[in-house]
Amino acid sequence: MSTLMWEAIIYWVILVIAALSVIAVSGTRKTASTIILAPVVLFCTIFMMQGSVFTAMQHPTMGANVGLGMAFLTTWVVSGILYAVTIVIAFIKYSKKNKA
């Protein structure tokens with residue numbers, strides 16, 4: 001396997017963990033946005049990245065591949081947003097638990 005494929009697999013794992021952490025932290029009271037939005041964002045980002053990686057592997061170029069770079073950047077941004085949402089949900093649950 002090429003280095004590009006290993007890098008893509010690592011990014012996919014990070015993105016899946018981020019999406020699952022949002023779902024796990026939301027607890028028993030899951031809203032429609034948590035149930036629907038996290039997997040939709042997850043799969044849209046994964047399919048965009050998968051298409052870019054396979055295109056780059058089948059048609060290698062000597063120059064920079066801007067589409068592949070944007071796919072990787074989007075994956076990191078989406079992962080960061082999902083982790084931030086996880087931290088906010090956990091903080092809200094923690095503060096509500098300590099007030100009572």
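I began with burial: of the 100 residues of the chain, 29% count as buried (under 20% relative accessible area, with exposed over 50% and partly exposed in between, using a 1.4 Å probe and protein chains only). I kept in mind that this is a predicted model, where local features need pLDDT of at least 70, side-chain atom pairs count only at pLDDT 80 or more, and totals for chains, interfaces and linings use all residues. I also noted that residues are numbered from 1 along each chain as its sequence is written, and that side-chain values use heavy atoms, with hydrogens and water left out.

**Overall layout.** I counted three helices and zero strands (DSSP runs numbered from the N terminus: H or I of at least four residues for helices, E of at least two for strands). Along the sequence the pattern reads α-α-α. For contacts (heavy atoms within 4.5 Å) between residues at least 6 apart in sequence, I found that 74% join residues at least 24 apart.

**Helix 1.** Helix 1 covers residues 3–25, and its 23 residues reach 33 Å from first C-alpha to last, close to the 33 Å expected (1.5 Å times one less than the number of residues). Its buried residues include Leu4, Ala8, Tyr11, Leu15, Ala18 and Val22. I reminded myself that an α-helix has 3.6 residues a turn, so residues three or four places apart point the same way. After helix 1 comes Gly27, with a positive phi near 75°.

**The core.** Which residues touch the most other members of the largest nonpolar core? Among its 19 residues, they are Met49, Val53, Phe72 and Leu82 (a core being buried Ala, Val, Leu, Ile, Met, Phe, Trp, Tyr and Cys joined through side-chain atoms within 4.5 Å). Helix 1, helix 2 (32–58) and helix 3 each supply at least two residues of this core, and helix 1 gives the most, with nine. Leaving out residues up to four places away in sequence, I listed Leu4, Glu7, Ala8, Tyr11, Met49 and Val53 as touching Phe72.

Beyond residues up to four places away, Ser79 touches Ile14, Leu15 and Ala18. Met70 is also found in helix 3 (residues 66–99), but Met70 counts as partly exposed because its relative accessibility is 45%.
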